[in-house]
Amino acid sequence: MEKYIDILLNSYSGYLNYLKNEILYWNWDNYFYGLIAISLVVWLLEIVFPWRKQQAILRKDFWLDLFYLFFNFFLLNLVLLIALSNVTEQFINDILQLFGLELMSIQLFSISELSKPLALFLFFIISDFIQWNVHRLLHTIPFLWNIHKTHHSVKEMGFAAHFRYNWMEPLVYKSVLYIPIILIGGVNLQAVFIVHFITIAIGHLNHANVGWDYGFLKYIFNNPKMHIWHHSKKMPNKYGVNFGISLSVWDYIFKTNYIPTDGRDIELGFDDENEFPNDFIKQEFYPLK
């Protein structure tokens, strides 16, 4: 147990120094300024090309979502999850050693043996498909749905709504995503960085107040006109539709796509939203009630 505590403490200590350097020194693979840059660009697109013209620039819950954006990205994703992934890796290694195995011995193959573009493409496709499946679970398992309600409590869509989610939600995503990363192996930090920011850019646009569907590319990439129906209060079935994260292709393949009309003025939310709290702290502890 002491070993795992040391890993946690070292992870937190290392991240604090990392975050300080991210803020003080700009570079091309900077998470801090990368997030700010993407957010400002997408917000500017909302202002220049508003889809719901009656919606204010500083829409309902704008500041709450902006707080979620920085809280979940830096304090949650890059601190808690990095530390936990380090502990998880060590724990899995320890379990495997009990059977005389090592982490590399259970890998099916290593994408590091492929060309960089192909390895990046493969990692993006695999991770997106896994997240699509996890997203469906968030809507079908009652406890997970209580976690996911935070994200669906948005009543006016905007780019920062992308990061409005409960602290337990990424634990579910990352726990499941960690398994295939182990099995394929060879995923380097540069690939993770690139895929992460592609996902952020697409996710920001999906939640932005812009009425785009990208033409024929809508059958490949998730888009604002498709994702708005995922947040609709009225659903064609019990568990929801349009579960795509970055790619819409999974919804078209597995018949979970649903775009009946333009969707510009539909009501967002869920049936028992009146019982859902409005402030950050209560929303964070809602699934544990």
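Modeller: In helix α2, the residues Y31, F32, G34, L35, I38, S39, V42 and E46 are buried. This is a predicted model, where local features need pLDDT of at least 70, side-chain atom pairs count only at pLDDT 80 or more, and totals for chains, interfaces and linings use all residues. Residues are numbered from 1 along each chain as its sequence is written, and side-chain values use heavy atoms, with hydrogens and water left out.

Colleague: What makes a residue buried, partly exposed or exposed?

Modeller: Buried means under 20% relative accessible area, exposed means over 50%, and partly exposed lies in between (1.4 Å probe, protein chains only). Across the 289 residues of the protein, 45% count as buried.

Colleague: How do you know what span to expect of a helix?

Modeller: The expected span is 1.5 Å times one less than the number of residues. For α2, the first and last C-alpha atoms are 26 Å apart, close to the expected 26 Å. Helix α4 (residues 116-140) has 25 residues and should span 36 Å; its end C-alpha atoms are 36 Å apart, so the two agree. Among the buried residues of α4 are F123, F124, W132 and H139.

Colleague: What makes up the nonpolar surface patch?

Modeller: L44, I47, V48, F49, I57, L58 and W63 make a patch of about 720 Å². Patch residues have over 30% relative accessible area and no salt bridge; like charges are joined within 9 Å, and nonpolar side chains (Val, Leu, Ile, Met, Phe, Trp, Tyr) within 5 Å. Helix α2 gives the most to this patch, with three residues, and L44 lies in that helix. The areas come from the Shrake-Rupley method with a 1.4 Å probe, and for residues only the protein chains shown count as cover.

Colleague: Why is the pair F73 and F163 called edge-to-face?

Modeller: Rings of Phe, Tyr and Trp (its six-membered ring) pair if their centres lie within 6.5 Å; planes under 30 degrees apart are stacked, over 60 edge-to-face, and the rest tilted. By this rule the count comes to 22 aromatic pairs. The ring centres of F73 and F163 are 5.9 Å apart and their planes stand at 65 degrees, so this pair is edge-to-face. It links distant parts of the chain, with F73 in helix α3 (residues 62-98) and F163 in the loop between α5 (142-152) and α6 (169-184), 90 residues apart. Both F73 and F163 are buried.

Colleague: What type of aromatic pair do W229 and Y258 form?

Modeller: That pair is edge-to-face too, at 5.7 Å centre to centre and 85 degrees between the planes. W229 sits in helix α8 (residues 224-230) and Y258 in the loop between α9 (249-253) and α10 (280-285), 29 residues apart. W229 has 7% relative accessibility, so W229 is buried; Y258 has 27%, so Y258 is partly exposed. Elsewhere, W43, F62, W63 and F159 form one aromatic cluster.

Colleague: What makes R59 and D65 a salt bridge?

Modeller: A salt bridge is a side-chain nitrogen of Lys or Arg within 4 Å of a carboxyl oxygen of Asp or Glu.

Colleague: Why is K225 called partly exposed?

Modeller: Its relative accessible area is 22%, so K225 falls in the partly exposed class. K225 forms a salt bridge with D262, the closest N and O atoms being 3.3 Å apart. D262 is partly exposed as well, with 32%.

Terms used
Helices (H or I, at least four residues) and strands (E, at least two) are DSSP runs, numbered from the N terminus.
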